[in-house]
Structure formats: C-alpha cells, structure tokens
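Subject: Structure for your review

Dear colleague,

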Amino acid sequence: MARKVTTKRKLIVTAIAWTLGILIFFPILWTFLTSFKSEADAIASPPQFLFFHWTMENYAEVQSRSNYLGHFMNSVIISFGSTLIGLIIAIPAAWAMAFSPTKRTKDVLMWMLSTKMMPPVGALIPIYLMFRNFGLLDTRTGLVIVLTLINLPIIVWMLYTYFKEIPGEILEAARMDGASLMKEIVYVLTPMAVPGIASTLLLNIILAWNEAFWTLNLTASKAAPLTAFIASYSSPEGLFYAKLSAASTMAIAPILILGWFSQKQLVRGLTFGAVK
C-alpha cells in the first residue's frame with residue numbers, strides 16, 4: 001500500500017522545488033533585465049534590479065552592428081542538421097545493439113560514452129588540421145559533421161535505452177508477417193519509440209545550439225552561429241555588459257521558446273522511455 005503524502009510534506013517539497021527553480025532561472029532573468037539597462041546601470045553598485053531607466057538602445061545597436069538573422073540561420077542549420085543526421089545513423093545502430101546484441105555490445109557502448117569524457121581541446125589540433133586540409137573551416141558542412149560526431153554517443157545511448165523497453169515479441173511478429181529489416185525499423189520500431197526519439201531530438205538540438213568550443217574555433221564569419229554572435233561582444237577593451245546581455249538574450253530566446261513549448265514531450269520521453 002502506498003504511503004500517504006501529507007500536506008506538510010507537499011508544501012515543503014513544493015517550496016524546495018520553487019527555490020531551486022528560481023536559483024537556476026535567476027541568471028537568465030538577470031541577463032534579460034541587464035539587456036534593457038545602459039552600460040552605466042549595468043555596472044552600478046549596488047545592482048539595480050527593477051528600478052532603472054529601461055532602454056532598447058542595446059538591441060538597436062546589436063541589430064545594426066551584427067547580422068543576427070545570418071547567425072540565427074547558421075545555428076538552425078547546424079543544430080537541426082547535425083541532430084537529424086545523428087538520428088539517421090543512431091536509429092539502426094541502437095536497433096542492432098538493443099535487439100541483436102553481441103558479447104561486445106556493452107563494451108562498444110561504454111567506449112562510445114567514454115569519448116564524451118575526453119576534453120575537447122585534446123582533439124582540437126588534429127580536427128582543425130583535417131578541416132583545413134579538406135576546406136571545411138568556416139563552413140556549415142564542417143560544423144554539422146563535427147557536432148554530429150560529438151553528440152552521436154548521446155543519441156545512440158538514449159535510443160538504445162528506449163529500444164530496450166520495446167518488447168521483442170512485437171518485432172518478431174512483424175518478421176513473421178513478412179516485414180523486411182527496413183520496414184521493421186521504419187514502420188514498427190520508430191512509431192513505437194516516438195516519445196523517446198522526440199526527447200532525443202530536442203535534447204540534442206539544445207546541445208548543438210549551445211555548443212561554443214567547436215563553433216568558436218572552427219568558424220570565423222561565414223558559418224558563425226549565435227555562440228560566435230555572443231562572443232563578438234567580448235572585446236580586449238572590456239566587457240560591455242548591457243550589449244553582451246542583449247546579444248545573449250537574442251541568442252537564447254529561440255531555444256528557450258522551443259524548450260517551453262516542447263517541455264511535456266521532453267519530460268515524457270526522458271522520464272518514461274519509449275513504451276510502458
């Protein structure tokens with residue numbers, strides 16, 4: 001019999017949850033408020049939270065100084081492109097590991113996960129030299145390739161977890177009905193794993209959108225995404241906090257909106273997996 005949760009316990013848990021949520025969200029809120037301040041108000045001491053002269057001049061200057069739409073389109077193409085290619089590669093790979101495992105399957109999965117533990121700077125020089133030799137520096141294609149490879153272990157691991165929860169008998173029944181391997185994956189497995197695939201898709205879009213190390217080191221101007229757009233407001237002369245906050249707000253707004261509207265699908269996929 002389940003233990004009854006008391007009203008006091010609910011209030012305590014709710015208060016803790018709200019406190020943690022506010023602490024996590026506060027830097028974003030502060031960045032948003034700073035974007036409407038003048039540079040003098042942005043560095044004022046003590047800090048001014050709400051009672052300051054609100055201005056839109058930072059957004060106007062950012063728009064006039066930078067090609068926001070160009071950076072935005074680069075981020076969209078790079079993040080969505082790398083995630084879709086990763087899914088195309090990872091779905092068959094996760095299917096093979098989940099439903100046709102070998103004695104080396106777990107070793108391969110652990111090896112793939114271990115690649116995420118390596119500091120990115122350790123692979124920067126060889127990747128930079130390869131990109132230079134193949135003409136991939138400062139190109140969308142190059143960034144799509146490198147972000148696909150970076151996030152592929154996470155995509156495979158997540159899909160493998162969801163696929164393991166799908167009863168193998170369903171796939172066997174599809175084979176008995178004459179389904180080929182491709183039809184089994186496309187028409188049987190994929191529809192059943194839609195929540196897991198959707199959460200994997202959303203999470204990896206966010207990871208690719210926020211990737212800064214590779215985008216800053218492998219691009220200059222043509223393929224620079226919004227991470228480079230933000231970094232351009234950090235100069236040797238100093239940090240212009242108000243303009244930097246305006247650029248940051250413009251860069252994170254699209255992904256925040258996407259996360260807000262897709263939070264139910266994301267939580268459902270991450271919490272419950274593919275099939276219950």
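Helices, here, are runs of at least four residues that DSSP assigns as H or I, and they are numbered from the N terminus. His71 is found in one of these, helix H4. Please bear in mind throughout that this is a predicted model.

I begin with the whole protein. It contains 14 helices and two strands. Its C-alpha atoms fill a box of roughly 70 × 65 × 30 Å along the principal axes. Of the 276 residues, 38% count as buried. Among contacts between residues at least 6 apart in sequence, 76% join residues at least 24 apart. The protein exposes about 16,600 Å², and carbon and sulfur atoms supply 70% of that area.

The C-alpha atoms of His71 and Thr227 are 156 residues apart along the chain, yet they are separated by 8.5 Å. Leaving aside neighbours within four places in sequence, His71 is in contact with Ala224, Pro225, Leu226 and Phe229. Is His71 buried or exposed? With a relative accessible area of 15%, His71 falls under the 20% limit and is therefore buried.

Which residues of helix H5 (residues 105-114) are buried? They are Thr105, Leu109 and Met112. Seen down the axis of H5, these buried residues fall within an arc of 60°, so they line one face of the helix. The face turned away from that buried side carries the exposed residues Lys106 and Trp111. Helix H4 (68-99) and helix H7 (140-164) are among the elements that cover the buried residues of H5.

On the surface, Ile12, Ile16, Leu20, Leu23 and Ile24 form a nonpolar patch, with about 520 Å² of accessible area together. Ile24 is found in helix H1 (residues 7-34). At 65% relative accessibility, Ile24 is over the 50% limit and so counts as exposed.

Finally, two details of the backbone may interest you. Most residues other than glycine have a negative phi, and most peptide bonds are trans. Against that background, a cis peptide bond joins Ser45 and Pro46, with omega at about 5°. Pro46 lies in the loop between helix H2 (39-42) and helix H3 (57-65). Asp138 is not a glycine, although it has a positive phi of about 60°. Asp138 is found in the loop between helix H6 (124-133) and H7, and at 14% relative accessibility it counts as buried.

Yours sincerely,

A colleague

Notes: Residues are numbered from 1 along each chain as its sequence is written. This is a predicted model: local features need pLDDT of at least 70, side-chain atom pairs count only at pLDDT 80 or more; totals for chains, interfaces and linings use all residues. Side-chain values use heavy atoms; hydrogens and water are left out. Buried means under 20% relative accessible area, exposed over 50%, partly exposed in between (1.4 Å probe, protein chains only). The arc is that of the directions from the helix axis to the C-beta atoms. Contact means heavy atoms within 4.5 Å. Patches are made of residues with over 30% relative accessible area and no salt bridge: like charges are joined within 9 Å, nonpolar side chains (Val, Leu, Ile, Met, Phe, Trp, Tyr) within 5 Å. Accessible areas come from the Shrake-Rupley method with a 1.4 Å probe; for residues, only the protein chains shown count as cover. A salt bridge is a side-chain nitrogen of Lys or Arg within 4 Å of a carboxyl oxygen of Asp or Glu.
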